[in-house]
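Colleague: Before we discuss this protein, I would like each label you use to be set against its cut-off. Could you show me the structure and start from a definition?

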Amino acid sequence: MSTKNGSLPPRSRGQRGGSGRPGGPASKNPVRKKKKPGFMSRLGRMMLTLVLISALVVIGYLLYLYYKLDSGVLDTGVNQPVAAGNSAKVKPLTMLLLGTDYRPEHKSYLTDVIMVVTLNPQTKSATIVSLPRDTYMELDGYRRTKINEYYTRFKGKEDTSGISAEDEMKTMMGKYLDVNIDYVTILNFQAFRKAVDELGGVKVNISEDMCYTDSVDGTDINLKQGPAKLDGDNALDYVRYRKSNCDPKTKPSDDFDRNRRQSEVLHSLMDQMQSLGGVVKIGGVLDAINDNMQTDLEKDQIKNMIAAYWQMSKNNVEFRPVTGTWRSPYVYINEEELDAAKRSLKDRLSGAAPTASAAP
């Protein structure tokens, strides 16, 4: 082993010979001088700095969100206090999520997305049950029809019944799934579009070409098979696509295909939200959906949910899309899948960990 000038490496301080004996021969593997901190040490300090910066960014944006809720800049939820025992930090909760097809160009309250979510703060886990929009609903005390028509029916009866359509939906869906529903959140298509755009798009793997146009409501779906990053408009087209009227026609899609695509998009959005970039954009996301969301969540409860579930792993989220048999114009639900979905919701409330994930 030589240096640039061909001489042997210098001995360390106090070294007399490689054997350690006075006058002994030079060692083939002499003890080296202690090196000054080098590249790996500097890299370690850099990584630590990045971690600290990331943590500060996360904390900073959560504080930013809290400030917006406290100051009323973000008008989401209601201004009632939450009892300590009902906090999402300690109590498992169930929420009904409805996605309406209301858009400026298409004013309707049909619910194209129907999900029930149960969250458990002890296990940091969730179950999401989704039901096809064309589900045939037969329930005591309710008129038989498609499940996606009930919200708009309840809306039309609010003045005479004195009961909000949102409370009616919580009661009905709780009865259908044998679970008490604490909250309801309703998002329209505009909220979905804007949230995806604020996060910089959503990554999906399109399984088939999709093509459909409608000059009445401005729909223009033209998606190609393969991996893609979709903006808000195209992501909405992706989860909504049902049939084709193009030439040549593309393969049609049923409620079950749409449920699978919803799960795929939700997983991708979770990844986006939990990334550093997503954290930075959380304020903008909530700003974007503020005018397109309705919820009975108290503002304090929104904070509690953020604190309890912000870093929940998507591996702890169990998707339970319920399928069935299509006989026009209804989907007749698979009763075994429905029973399994009910059990999963109850398991989450009781504290059992998810047994499987329906990740795409």
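Modeller: A polar contact is a pair of N or O atoms within 3.5 Å, where within protein one atom must be able to donate a hydrogen and the other to accept it, and where residues adjacent in sequence count only if both atoms are side-chain atoms. Helices (H or I, at least four residues) and strands (E, at least two) are DSSP runs, numbered from the N terminus. This is a predicted model, in which local features need pLDDT of at least 70 and side-chain atom pairs count only at pLDDT 80 or more, while totals for chains, interfaces and linings use all residues. Residues are numbered from 1 along each chain as its sequence is written, and side-chain values use heavy atoms, with hydrogens and water left out.

Colleague: What makes Asp231 a cap of the N-terminal end of α5?

Modeller: A side-chain oxygen of Asp231 lies 3.4 Å from the backbone nitrogen of Asp233, and the limit for a polar contact is 3.5 Å. Within helix α5 (residues 232–240), the buried residues are Gly232, Ala235, Leu236, Asp237, Tyr238 and Val239.

Colleague: Why is Asp112 called buried?

Modeller: Buried means under 20% relative accessible area, exposed over 50%, and partly exposed in between (1.4 Å probe, protein chains only). Asp112, in strand β2 (residues 111–120), has a relative accessible area of 18% and is therefore buried. Met95, in strand β1 (residues 93–100), has 9% relative accessibility and so counts as buried too.

Colleague: And why is Lys124 called partly exposed?

Modeller: Lys124 has a relative accessibility of 36%, so it counts as partly exposed. Asp178, with a relative accessible area of 42%, is therefore also partly exposed. Lys124 lies in the loop between β2 and β3 (125–131), and its phi is near 50°, a positive value in a residue other than glycine. Asp178, in the loop between α3 (165–177) and β6 (183–188), has a positive phi of about 60° although it is not a glycine.

Colleague: What makes a set of residues a nonpolar core?

Modeller: The term covers buried Ala, Val, Leu, Ile, Met, Phe, Trp, Tyr and Cys residues joined through side-chain atoms within 4.5 Å. The largest such core here has 45 residues, and those with the most contacts inside it are Val202, Leu230 and Tyr238. Helix α8 (residues 299–309) gives the most to this core, with 5 residues. A second, separate core of 30 residues includes Leu98, Ile147, Phe154 and Ile181.

Colleague: How do you know that there is a cavity, and which residues line the largest one?

Modeller: On a 1 Å grid over the protein atoms alone, a cavity is a set of points where a 1.4 Å probe fits but cannot get out, and lining residues have an atom within 4 Å of a point. Grid points are joined across faces, edges and corners, and a volume is the space filled by probe spheres set on the points. A search of the whole structure finds 1 cavity of 30 Å³ or more. The lining of the largest cavity consists of Asp112, Leu131, Pro132, Arg133, Asp255, Arg258, Asn259 and Gln262, and helix α6 (residues 255–274) gives the most to this lining, with 4 residues.

Terms used: 1 Å grid on protein atoms, 1.4 Å probe; cavity = no way out; pocket = protein on both sides within 12 Å on 5 of 7 lines; lining within 4 Å.
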